[in-house]
Amino acid sequence: MKHLEFDGRYAEDILRGGKKRATVRLGRKPNLKEGDTVLIHAGGYALGKAVIEKVESKTVGELTDEDAFLDGFSSREELIRALKGGHYRYVNDDSPAHVIVFRLVEKFDKPVMSSDYAYEGNLPVEIAEKALKYLDLPEGDRKLIELFLRTGSLRKAAYRLGGLNKRYLIREALRRAYEELKKRGGIMGGPKL
């Protein structure tokens, strides 16, 4: 299942049903399409499941008040200030933006630690440590995984790479390492390494 992650401050707006029904992501187009079911995470917790209703690509300069309202902001200007003020380092009118509209279809009775869902319940730190110890990783993946371990979080590592939108690079390196460890029986389905 795919995941859609949010800062913890947005959890209540997502759960309240209607206040936050979309997210604007900058940079690379997300691997999501209409009809996908995703796990919604906020502040390190899985909150529930949602169905993607629409993914629309545009530039920051093309964002509208409607995009902002769906994302829980009072205006386009407030949304852009939020994007510039913390979510992303470099934002201008030409920056690629992707509006992801979702509908919450299941709320978990109580929030569940996000790590219980990632990598079939295996912790990213555990995967990173085992990958560095047991795998002959490509140099790029090795550097990303080392940065992740040094900084202690995907978010901090992404900022060191240039912004929050760089998290996908680290996730992809971890995913490749995880798949290789699984093949070798190092995490799931075989003896522990």
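A polar contact is a pair of N or O atoms within 3.5 Å; within protein, one must be able to donate a hydrogen and the other to accept it. That cut-off matters for His98, taken up below. The model described here is predicted.

**Overall layout**

The protein has seven helices and five strands. Read from the N terminus, the elements run β-α-β-β-β-α-α-β-α-α-α-α. Of the 193 residues in the protein, 44% are buried. Take the contacts between residues at least 6 apart in sequence: 68% of them join residues at least 24 apart.

**Strand S3 and its neighbours**

Strand S3 covers residues 37-42. Five of its six residues are buried, so the strand is largely enclosed by the rest of the structure. S3 pairs with strand S1 (residues 2-6) and with strand S4 (residues 45-59). The table sets out the two pairings.

| Pair | Sense | Bridges | Residues facing each other |
|---|---|---|---|
| S1 and S3 | parallel | five bridges | Phe6 and Ala42 |
| S3 and S4 | antiparallel | six bridges | Leu39 and Lys49 |

S3 and S4 also form a hairpin, with two residues between the strands. In that hairpin, Gly43 takes a positive phi near 60°.

**Ala50 in strand S4**

Ala50 is found in strand S4. Is Ala50 buried or exposed? Ala50 counts as buried because its relative accessibility is 0%, and the cut-off for buried is under 20%. Arg21 is 29 residues from Ala50 along the chain. The C-alpha atoms of Ala50 and Arg21 are separated by 9.8 Å.

**His98 in strand S5**

His98 lies in strand S5, which spans residues 96-113. His98 has 5% relative accessibility, so this residue counts as buried. Which side chain does the side chain of His98 join in a polar contact of 2.8 Å? The partner is the side chain of Ser57. A polar atom of the His98 side chain also lies 3.5 Å from the backbone nitrogen of Lys29.

What else does His98 touch? Residues up to four places away in sequence are not counted here. The residues touched include Thr23, Val24, Arg25, Gly27 and Arg28. Pro30 and Glu56 are also among them.

**The helices**

Helix H4 runs over residues 124-134. Its buried residues include Pro124, Ile127 and Ala128, along with Lys130 and Ala131. An α-helix has 3.6 residues a turn, so residues three or four places apart point the same way. Helix H5 (139-151) and helix H7 (167-183) are included in what covers the buried residues of H4.

H7 also meets helix H6, residues 154-161. How do H6 and H7 cross? Their axes come within 8 Å and cross at roughly 120°. H6 and H7 are therefore oblique to each other. On the H6 side, Leu154, Arg155, Ala157, Ala158 and Leu161 make the contact. On the H7 side, Arg167, Leu169, Ile170, Arg171 and Leu174 take part. By class, the contact of H6 with H7 has seven nonpolar and three charged residues, with no polar ones.

Notes
Residues numbered from 1 in each chain as written. Predicted model: local features only at pLDDT ≥ 70, side-chain atom pairs only at ≥ 80, totals over all residues. Heavy atoms only, no water. Buried < 20%, exposed > 50% of the residue type's maximum accessible area, 1.4 Å probe, protein only. Helix = DSSP H or I, 4+ residues; strand = E, 2+ residues; numbered from the N terminus. Pairing = 2+ DSSP bridges. Contact = heavy atoms within 4.5 Å. Axes fitted to C-alpha atoms, helices over the stretch in contact; angles between N-to-C directions. Parallel < 35°, antiparallel > 145°, perpendicular 65-115°, else oblique. Nonpolar A, V, L, I, M, F, W, Y, C, P; charged D, E, K, R; others polar.
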